[in-house]
Amino acid sequence: MLTISEVSKSYGKKRVLDDISIELENGLYGLLAPNGAGKTTLLKLIVTLLSPDRGEILWNGAPVQKLGASYREIIGYLPQQFGYYKYNTPVQYLDYLAALKGLPREGLKEKIFSVLDTVGLSDVAQVKMRKFSGGMIQRVGIAQALMGDSRLLILDEPTAGLDPKERARFRNLIAEMSKNRIVILSTHIVSDVESVSGRVLMLKDRKLVRNQSASALCSELEGKVFEIRVKTDDQAAALKKEHFILSERNEAGSMILRYYSEQPAGLEGERLCPPNLEDLFLVMYR
Amino acid sequence: MMPIEYPVREEIQRTKEAVLQTALPRRRLSRPGLRTVFGRCAPVLLISFGIYLFLLGFCLMLERSPRSPLIVLLLYPLTYYSFYFLSFRMERENGVIELKQSFKYAFHYLICLRMLYFSVLTVYLNLLLITACGFDGNNFISLAAAGTSAQILSALFSLILYEKTGSIRCSAVLPAVWIIACIVLLRYSEHVNRLLMEIIPLSLHIIVAVGSLAAFLLYTGKVELKNAYDF
């Protein structure tokens, strides 16, 4: 179990995280917040790349600062900017990273091909990575995070650069992985979290403001999300003035506005909609 | 009623840490092999040895003069510095430092071992520089010991500066200061030669060189412990 207890972190005078406390058990956690809200800082604290100014992070009750290498051994980490040696093949690179992770040589080749197969790169296993697309590099990053006995998988913006098919494959993969480990997935792409996360962690104003399932979070907006079809720009402008617009789209010559309102606006054609996580994200970070 | 004094937060934290320090199992880590330490460094090693061969060639062309000892001393740590900066540049350009820092053998530990091994190797190689300049006997030993001290201390200070600042920019001051100091001292080469070869006893040269190496080994040991049990 990973426990984050009263953790605060500042860069100079700027406080980035303030009094974050949370307990994580095996399962999938989506860390959701806009860019610059402190997601990466929180992940770096968990991975021990940074140390907290206050509070502590515990792994099974022991402070991770004191566990050192034995803690890092159980981490699989995909940083936001995944670095690689472009003149290496995925096999060569994973083989090298396995040595840095201290994995035994015995059965390593099979393990490497197995993770490459998992991320769909087995057919380019011996191709130099300089020829790879951004999505393929990201998959190499995911493969290295999966290597070894990673009981704590930390993925910072893992779906960046992946096409829809790769994203779907990745979502299935981490859903599977989270059965027997802690997986923390940080992203600002709401749909990624909505489709895979067991629990959603939301950061706002340096604090952890939500730690709930996606459905529980959506229920907060129950009865407050509406849609209406408007025909003229004036109508749309008037509505935008009065209410918080969540989305707008054109359909058959008219505009459909989705908006948030504490009470029904009482407009003709107004329709109550089931809220989704993106609505909550927009309302919370407006 | 008697007032009850509760411990302050820092005191609780200190006590907790002391208990954990004694309770946590201390598993000795095996040292990473050369392949792990120097992994993906082949191009950087080749360039560094290219620089070394250039310096050696320069020394071979050098005519023996009162300035020779200082020139040799000036050149001594340069192969190390070229490897140090190129090595960091390669890791930074490939964007792998953060990833490597999260592994069992963390980046800082690996770079420390890498620089220790490379320093020891270049200490031996640099003996050729002194030979190329025609030094022998006690002068050879004095110069080799002084050069070794200069190089090992350069390596040690550059790593400490990196550890303290998290950047290699500050370490760039070290070769700059070294080169400027040597160039300035070239004007007083006869005095410096006398100081190096005659005034400072050979035994002191050797003690300083061995002491520098011991300090570097101690520092590596400290980093090793920090890597294993701390961060």
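Which strands of chain A does helix α1 (residues 39-47) lie across? In this predicted model, α1 of chain A lies across β1, β2 and β4 of that chain, running at about 120° to β1(A).

**Sheet in chain A**
- Four strands of chain A make up an open, antiparallel sheet, ordered β2-β1-β4-β5.
- The edges are taken by β2 (14-24) and β5 (62-63), each with a single partner strand, so one side of each has no neighbour in the sheet.
- Strand β1 (residues 2-11) runs antiparallel to β4 (residues 54-59), and five bridges join the two in chain A.
- In this part of chain A, A:Ile4 stands opposite A:Ile57 of β4(A).

**Helix α6 of chain A**
- Helix α6 (residues 134-146) has 13 residues, which at 1.5 Å a residue should span 18 Å; the end C-alpha atoms lie 19 Å apart, in agreement with that value.
- Twelve of the 13 residues of α6(A) are buried, so the helix is largely enclosed by the rest of the structure.
- The buried residues include A:Met136, A:Ile137, A:Val140, A:Ile142 and A:Leu146, as well as A:Gln138, A:Arg139 and A:Gln144.
- Within chain A, the buried residues of α6(A) pack against β6 (75-78), α4 (90-100), α5 (108-118), β7 (152-156) and α7 (164-177).
- They also pack against a helix of chain B, α6 (97-101).
- After α6(A) comes A:Gly148, with a positive phi near 85°.

Notes
Residues numbered from 1 in each chain as written. Chains lettered and ligands numbered in written order. Predicted model: local features only at pLDDT ≥ 70, side-chain atom pairs only at ≥ 80, totals over all residues. Heavy atoms only, no water. Expected span 1.5 Å × (residues − 1). Buried < 20%, exposed > 50% of the residue type's maximum accessible area, 1.4 Å probe, protein only. Contact = heavy atoms within 4.5 Å. Pairing = 2+ DSSP bridges. Axes fitted to C-alpha atoms, helices over the stretch in contact; angles between N-to-C directions.
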